Amino acid sequence: DYVIPILKEILAINPSIKIMAAPWTCPKWMKVKSLNTLVPHDSWTDGHLNQTYYNDYATYFVKWIQAFNAQGIDIYAVTPQNEPLNRKNSASLYMGWEEQRDFIKTALGPQMKAAGLTTRIYAFDHNYNYDNIESQKDYPCKIYEDTNASQYIAGSAFHNYGGDRKELLKVHNT
């Protein structure tokens with residue numbers, strides 16, 4: 001009732017606008033508390049995407065993009081997860097760099113390619129300082145090192161809530 005008509009109105013005003021989409025979380029039934037135990041996580045906050053559902057979740061992306069395309073709305077880019085290191089938003093999903101890499105290379109990238117979509121995938125989509133999580137430092141660069149994942153990635157997305165924007169130059173140079 002709201003999103004599509006408003007986007008159509010925006011595009012009528014400025015047809016060159018580029019729309020980038022980033023989910024806050026996957027459906028709860030796809031979430032687990034830990035990737036080691038795979039215990040279900042029945043909450044919109046925190047949790048991990050269960051690897052068993054990588055293909056199902058990628059199908060969500062493909063069908064969503066196709067549905068918007070059918071309405072005349074081109075989705076320029078997606079990120080696999082908005083703020084992937086934030087466990088505390090009322091809707092969130094923790095997705096460390098290894099998880100995002102594996103989701104992109106085994107499911108999201110291949111499905112988008114098979115569907116003939118030109119929508120770009122941007123890695124990361126969080127703060128310059130990686131929320132001060134040492135194991136997540138250089139998050140997008142670590143994903144780029146895997147050619148099976150990086151073949152599907154057009155770039156990285158960042159937020160300006162924490163850290164130094166000089167991180168952009170470092171990632172760009174990588």
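Is Lys105 buried, exposed or partly exposed, and what is its relative accessibility? In this predicted model, Lys105 has a relative accessibility of 25% and therefore counts as partly exposed.

## Salt bridges around Asp146

The side chain of Lys105 meets that of Asp146 in a salt bridge, with an N to O distance of 2.7 Å. Because Lys105 belongs to helix α3 while Asp146 sits in the loop between α4 and α5, this pair ties together parts that are 41 residues apart in sequence.

Asp146 also forms a salt bridge with Arg101, here at 4.0 Å from N to O. Arg101 lies in helix α3 (residues 97–114) and Asp146 in the loop between α4 (139–144) and α5 (147–150), so the parts tied together by this pair are 45 residues apart in sequence. Asp146 is buried, its relative accessible area being 15%, and Arg101, at 17% relative accessibility, counts as buried too. A network of salt bridges links Arg101, Lys105 and Asp146 with Asp102.

## The pair Asp42 and Lys28

Another salt bridge joins Asp42 to Lys28, whose closest N and O atoms are 3.2 Å apart. The two residues are 14 residues apart and link distant parts of the chain, with Asp42 in the loop between β2 (31–32) and β3 (48–49) and Lys28 in the loop between β1 (19–21) and β2. Asp42 is exposed, with a relative accessible area of 66%, whereas Lys28, with 26%, is partly exposed.

## Overall count

For the model as a whole, the count comes to 7 salt bridges, among them the pairs Asp42 with Lys28, Asp146 with Arg101 and Lys105 with Asp146.

Notes
Residues numbered from 1 in each chain as written. Predicted model: local features only at pLDDT ≥ 70, side-chain atom pairs only at ≥ 80, totals over all residues. Heavy atoms only, no water. Helix = DSSP H or I, 4+ residues; strand = E, 2+ residues; numbered from the N terminus. Buried < 20%, exposed > 50% of the residue type's maximum accessible area, 1.4 Å probe, protein only.
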